[in-house]
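These are my notebook entries on a structure I went through today. I set down each point as I looked it up.

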Amino acid sequence: MVVCIVSVIVAEDLTKQFGELVAVDSVSFAVEEGEVFGFLGPNGAGKTTTMKMIQCVSPKTAGKLTVFGMEVSTHQREIKKLLGVAPQENNLDPDFTVHENLMVYSRYFDIPRAKAERMVAELLDFIQLSHKKDTVIEQLSGGMKRRLILARALINSPRMLILDEPTIGLDPQARHLIWDKIKSLQSQGITIVLTTHYLEEAAQLCNRLVIMDYGKILVQGKPDEVIREYIGTDIVEAENDPEVIACLERNTTSYDVIGNRVQVYTNNPQEMIYSLLKECELGQITARSATLEDVFLKLTGRKLRE
Amino acid sequence: MISYFAVPKLSSRVWKVWLRNRDVFMKTYKVNFLPPFLEPLLYLFALGFGLGRYIDVIEGISYVKFIAPALIAISIMNSAFFECTFGSYVRMYYQKTFDAIIATPLSIEEVITGELLWGATRSLIYATIMLPVLAAFGLIDLPLSLLIIPFSFIAGFLFATIGMCFTAITPNINSLNYPTFLFITPMFLFSGTFFPLSLLPEPIQYFALATLPLTHLVMITRALTLATLSGFLVLSFAWIVLVSLVLFVLAVNLMKRRLIV
Ligand SMILES: Nc1ncnc2c1ncn2[C@@H]1O[C@H](COP(=O)(O)OP(=O)(O)OP(=O)(O)O)[C@@H](O)[C@H]1O
Ligand SMILES: [Mg+2]
């Protein structure tokens with residue numbers, strides 16, 4: 001069987017400057033048709049800026065960027081027709097109700113009225129907001145607004161969805177609902193590009209992801225591969241104690257000190273625990289699977305971004 | 001750098017923005033249709049029938065007849081100007097409506113043009129509502145005054161573009177009060193609205209004709225309601241069309257510079 005992999009987004013040395021500030025610094029990546037592709041990174045890393053260039057609403061400063069094989073600076077209209085966008089900041093129309101928001105938006109895509117009515121009913125059902133059909137936006141909860149934004153992004157039956165922090169500020173139930181929706185959309189063949197600060201979400205949803213910081217891509221790959229490459233499969237944690245440190249130094253084991261904990265990265269936790277217990281005087285020791293969060297903190301540091 | 005006078009590329013999609021604003025307007029039409037009914041009545045009673053009793057004739061006509069066309073011109077000015085300053089600013093900045101629309105196949109040029117056309121439409125709606133009120137008092141010539149209906153759209157477009165230029169450069173919503181006080185209010189008073197332009201010193205008359213758009217509006221609406229057409233009006237009309245076209249292109253480019261970063 002021949003598997004044909006088509007890249008729907010190709011970025012090469014893509015750069016965006018705001019005056020002196022380099023928000024996106026010569027990044028290269030390719031998103032393949034049908035996958036869920038994640039952008040992770042601390043606040044101000046350049047995720048939203050990258051999304052806006054893909055959406056053709058913010059012009060790139062340098063580099064190459066094509067979406068569905070079309071250059072973003074010359075084929076804005078054609079590209080935008082094929083995209084569904086859920087922005088980070090809510091921009092639902094407060095002058096309209098839930099139903100009207102979707103109807104008015106459908107008009108921008110030249111969807112005939114009768115078809116739009118059908119789509120809107122379907123979408124409201126999909127995001128479980130049919131009962132709020134005639135509510136004005138102001139009276140929706142944050143989670144309902146987020147769901148409505150997702151529905152609005154789907155009104156033109158897009159080939160690709162750009163979701164900038166789709167689950168920001170949602171309770172666990174609403175987040176799981178959105179995750180289910182994203183998975184079901186992917187199974188319909190829609191390519192999904194998303195950004196998120198929830199690393200568990202990224203690990204669950206993304207086929208591939210990148211971690212950005214200061215406008216640069218630090219890593220890219222499949223979540224489990226990224227974890228294995230940068231951390232190993234597991235983490236053994238012990239108390240931060242001068243004796244423990246001295247012992248680790250003697251054994252030339254690679255470790256990190258985080259507050260009052262020492263983390264040792266390993267692919268073989270049992271052996272590691274065994275040898276640590278044997279060689280060092282350890283009070284308490286725990287082992288757990290390495291997560292994307294460990295990679296994230298290792299690569300981007302623990303300092304808060306201004 | 002985006003040039004300030006690049007000709008905007010437009011499609012019929014501009015009407016989708018217009019339709020959006022119309023839909024919002026129609027949702028609250030009862031509130032929206034009231035001011036154009038009441039405003040001319042207030043002015044007519046206060047100035048026309050009140051103050052006007054001390055004025056026998058002005059340029060050969062009664063004072064109410066003199067100010068009636070000016071009231072229409074002022075309404076044309078206000079409705080488009082305020083729609084495209086405070087109204088557009090709220091949609092752009094607070095509601096992020098423009099951001100939402102440009103994520104669809106519409107371009108920012110089309111969004112701004114749709115807003116301007118809507119501003120002009122508001123002028124048309126308001127002028128159209130005022131006509132029967134003024135006609136009921138027998139203050140305007142019919143059917144000639146009906147020409148005010150198409151004219152109000154063109155003149156409204158001019159004030160929409162003026163407003164949009166200010167919206168594009170204002171640092172915040174409060175600063176929009178400056179053009180209101182420094183431009184709209186003086187114009188309201190000194191454009192041949194409540195007393196003839198000819199009472200002003202000659203250099204100021206020329207200054208008003210060159211820089212205060214309302215003077216041209218008042219001359220045209222007055223000529224129509226009093227049925228006193230003259231060749232000079234063609235110049236006023238040309239002035240309005242020319243200035244709107246230039247400011248239209250400028251407004252779109254200024255907005256593009258502000259919003260496309
Ligand atoms: N319109 C703008 N003008 C100037 N600087 C901007 C603009 N938009 C973003 N920036 C800057 O670009 C950088 C990247 O911002 P961006 O919004 O892409 O970050 P992000 O990764 O989405 O962050 P967050 O997780 O907080 O949403 C930041 O330093 C930000 O201050
Ligand atoms: Mg962001």
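Which side chain has an N or O atom 2.7 Å from an oxygen atom of ligand 1? I found that it is the side chain of Thr48(A). I note at the outset that the model is predicted.

**Entry 1. The ligand**

I next looked up the backbone around ligand 1. Gly44(A) has a backbone N or O atom 2.8 Å from an oxygen atom of the ligand, and for Gly46(A) the corresponding backbone distance to a ligand oxygen is 2.9 Å. I then checked the cover: on its own, ligand 1 has 640 Å² of accessible area, and the protein covers 64% of it.

I listed the residues around ligand 1 and counted 15, of which Gly44(A), Lys47(A), Thr48(A), Thr49(A) and His197(A) come nearest. By class, I recorded six nonpolar, seven polar and two charged residues in this shell. Two elements of chain A, strand 2 (21–32) and helix 1 (47–54), each supply at least two residues of the shell. Helix 1 of chain A gives the most, with three residues. As for its placement, I noted that ligand 1 lies between chains A and B.

**Entry 2. The interface of chains A and B**

I turned to the two chains themselves. Contact involves 23 residues of chain B and 26 residues of chain A. Between them the chains bury about 2,200 Å², and 53% of this is on carbon and sulfur atoms.

How many salt bridges cross the interface of chain B and chain A? I found seven by the rule. I looked up Asp93(A), which forms a salt bridge with Arg20(B); their closest N and O atoms are 2.7 Å apart. I also recorded 16 residue pairs in polar contact between chain B and chain A, both residues being at pLDDT 80 or more.

On the side of chain B that touches chain A, helix 1 (14–27) and helix 4 (97–102) of chain B are the elements that give two or more residues. The largest share of that side comes from helix 1 of chain B, with six residues.

**Entry 3. Lys96(B)**

I located Lys96(B) in the loop between helix 3 (63–94) and helix 4 of chain B. Leaving aside residues up to four places away in sequence, Lys96(B) touches Glu89(A), Asn91(A) and Arg91(B). I followed its side chain to the backbone oxygen of Tyr93(B), which the side chain of Lys96(B) reaches at 3.2 Å. I also checked Lys96(B) against Pro171(B): the two are 75 residues apart in sequence, and their C-alpha atoms are 16 Å apart in space.

**Entry 4. Salt bridges over all chains**

I noted the general point that side chains of opposite charge can pair when their charged atoms come close. Over all chains, the count by this rule comes to 22 salt bridges. One I looked up is formed by the side chains of Glu32(A) and Arg208(A), at 4.0 Å from N to O. Glu32(A) lies in strand 2 of chain A and Arg208(A) in strand 9 (residues 208–213) of chain A, so this pair ties together parts that are 176 residues apart in sequence.

**Entry 5. Backbone geometry**

I kept in mind that most residues other than glycine have a negative phi, and that most peptide bonds are trans. Which two residues does a cis peptide bond join? I found Leu142(B) and Pro143(B), with omega about 5 degrees. Pro143(B) sits in the loop between helix 5 (108–136) and helix 6 (148–169) of chain B.

I then looked up phi for Phe68(A) and recorded a positive value near 50 degrees in a residue other than glycine. Phe68(A) has its place in the loop between strand 4 (62–67) and strand 5 (70–71) of chain A.

Notes
Residues are numbered from 1 along each chain as its sequence is written. Chains are lettered from A and ligands numbered from 1 in the order in which they are written. This is a predicted model: local features need pLDDT of at least 70, side-chain atom pairs count only at pLDDT 80 or more; totals for chains, interfaces and linings use all residues. Side-chain values use heavy atoms; hydrogens and water are left out. A residue is near a molecule or strand if one of its heavy atoms lies within 4 Å of it. A polar contact is a pair of N or O atoms within 3.5 Å; within protein, one must be able to donate a hydrogen and the other to accept it, and residues adjacent in sequence count only if both atoms are side-chain atoms. Accessible areas come from the Shrake-Rupley method with a 1.4 Å probe; for residues, only the protein chains shown count as cover. Helices (H or I, at least four residues) and strands (E, at least two) are DSSP runs, numbered from the N terminus. Ala, Val, Leu, Ile, Met, Phe, Trp, Tyr, Cys and Pro count as nonpolar, Asp, Glu, Lys and Arg as charged, and the others, Gly among them, as polar. Contact means heavy atoms within 4.5 Å. Buried area is the accessible area (1.4 Å probe) that two parts lose on being put together, summed over both.
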